Amino acid sequence: SAALPSTDMAAFKELLSSSKHIIAVAGAGLSAGSGISTFRESGGMWRKYNGISLTSYGAFKSNPSRIWQFYHCRREKASAANPNAAHIAIAKFSVESIRKQIAPEATFTLITQNVDGLSTRALMKVQDTLPVSGSRPSPQPQLLEMHGRLFDVLCTSETCGHCEPVPNSPVCAALWGTEDLVENNVIEPTIDEADLPRCAKCGALARPGVVWFGEAPHHLQIIHKLVAQANLCLVVGTSLTTWPAASYGRAVQRHGGKVAVFNLERTNGDEGADFLFLGPCEETIPEALG
Ligand code: BJW
Ligand code: ZN
C-alpha cells in the first residue's frame with residue numbers, strides 16, 4: 001500500500017492492547033540512551049577500521065589482538081552503563097504481559113541484536129521490583145539475544161566449542177588499560193596470541209561469544225516461529241541493514257501483522273511500516289508501552 005506510516009500514538013496503544021502475539025526487534029539504538037555507541041554512526045575503532053572489518057571471523061583470524069582490544073573496550077563500556085528508560089519499559093511490558101492475563105495466550109518477546117546485556121539487566125531489575133503474586137510461568141522466552149553476548153568467551157577450536165560467561169574485566173591481564181588506546185584511536189599494542197584469552201577447557205585461542213558476519217545467529221528456530229505467529233512487531237533502534245533481523249517486520253506484515261518503527265531518524269524501508277515514531281526510543285518507548 002502507498003499509505004504513509006501513522007504517527008497516531010493512541011491508535012498504536014489500542015492496537016498494542018488488542019494484539020495477542022507481540023515481538024520487538026531491537027538494535028544498537030535501544031542502548032544509545034545508555035551511552036553505548038551504535039555501529040554505523042560511531043567513533044573510536046569503528047570509525048577507524050569501519051564496520052565489517054571488525055566483526056568477521058576473518059578479521060579475528062588475521063588480527064586477534066586488535067579484535068580483542070575492540071571487544072575489551074566494548075565490555076568496559078557495557079559494564080559501566082545502565083539500562084535506560086526504553087530497556088526498563090520493555091522489561092516491564094514483558095513481565096506485565098505475563099501477569100495481566102488480558103488474553104490467556106498473549107505473548108511478548110524481545111529479540112535483540114545487542115550483545116551488551118542491558119536488556120537482561122533491565123529484566124532482572126524489573127522482576128525484583130514487581131510483586132510476584134498472580135504471576136504465571138512464561139509460556140515462552142521473554143528475551144532472545146540473537147547476536148550472542150559480549151561477556152561470553154567462546155573457544156575457536158571446532159572440536160571443543162566451549163562457551164562460558166567471563167564477566168570479570170579485563171578478560172585477560174594483557175588487555176588491561178588498552179581501552180583508552182582504542183578510544184583515542186592510538187595505534188594499539190600487539191598482544192601475543194599466547195597472552196590473549198584462552199579456552200578454559202582445551203587451552204585453544206578463545207574469541208568473544210558474539211555472532212559475526214557469515215555466522216549463524218542464535219535461536220533462529222524459535223525466532224522464526226515467533227515471527228510467523230506475531231500480530232505486531234515493534235522495530236526499535238535498528239538501521240535494518242543486517243540480516244536476518246532486517247527481514248522480520250516484513251515477514252510479520254506478509255501474514256497480516258502490523259509493524260511499528262521507533263527510531264531517531266528515517267531508516268531503510270520504514271515507509272512500509274504501519275506506525276512510525278521518530279525520536280529517541282528512551283522517550284517514545286516508555287510512552288508507547290506505558
Ligand atoms: C536510535 C537512537 C535512539 C540511534 N533511539 N534509535 C547480502 C544481502 C543480504 C544479506 C547478506 C548479504 N551478504 C551477507 C548477508 C548476510 C549478513 C548481512 O546482513 N550482511 C549485510 C552487510 C548485508 N548477515 C549475516 O551474516 C548474519 N548471519 C546470517 O545471515 O547467517 C545465515 C545463516 C543461517 C543459518 C546457518 C548459517 C548461516 C550475521 C550477522 C551478524 C552481525 N554481527 C554484528 C556484530 C555483533 C557482535 C558485536 O556487537 O560486536 O551485529 S554487526 C552489527 O550489526 C551488530 C548489530 O547487532 C547489527 C545491527 O546493527 P544495528 O543494531 O541496526 O545498529 P546500527 O548502528 O546499524 O543502527 C543503529 C540505529 O539506531 C540507527 O538507525 C539510528 O538511527 C538508531 N538510533 N540512537 C532510537 N536514542
Ligand atoms: Zn576449547
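Contact here means heavy atoms within 4.5 Å. In this predicted model, Val236 touches Val25, Ala26, Gly27, Leu30, Phe262, Cys281 and Ile285, leaving aside residues up to four places away in sequence.

Val236 is also one of the residues with the most contacts inside the largest nonpolar core, together with Phe12, Leu234, Phe262 and Ile285. That core has 31 residues. Helix α6 (residues 85–99) supplies the largest share of it, seven residues. Another core, of 25 residues, lies apart from it and includes Ile67, Trp68, Phe70 and Val115.

The zinc ion (ligand 2) has Cys155, Cys160, Cys199 and Cys202 as its protein donors, each through SG, lying 2.3 Å from the ion. Along the chain the donors follow the spacing C-x4-C-x38-C-x2-C. The arrangement is tetrahedral because the four donor atoms subtend angles of 98 to 113° around the zinc ion. For four tetrahedral donors the ideal angle is 109.5 degrees.

| Residue | Relative accessibility | Class |
|---|---|---|
| Cys199 | 8% | buried |
| Cys202 | 41% | partly exposed |

Cys199 counts as buried because its relative accessibility is 8%, under the 20% limit.

Key. Residues are numbered from 1 along each chain as its sequence is written. Chains are lettered from A and ligands numbered from 1 in the order in which they are written. This is a predicted model: local features need pLDDT of at least 70, side-chain atom pairs count only at pLDDT 80 or more; totals for chains, interfaces and linings use all residues. Side-chain values use heavy atoms; hydrogens and water are left out. Donors are N, O and S atoms within 2.8 Å of the metal (3.2 Å for Na, K and Ca); water is not among the atoms, so sites may look incomplete. Four donors count as tetrahedral if all angles lie between 85 and 135 degrees; four count as square planar and six as octahedral if opposite donors are over 155 degrees apart and all others between 65 and 115; anything else is irregular. Buried means under 20% relative accessible area, exposed over 50%, partly exposed in between (1.4 Å probe, protein chains only). A nonpolar core is a set of buried Ala, Val, Leu, Ile, Met, Phe, Trp, Tyr and Cys residues joined through side-chain atoms within 4.5 Å. Helices (H or I, at least four residues) and strands (E, at least two) are DSSP runs, numbered from the N terminus.
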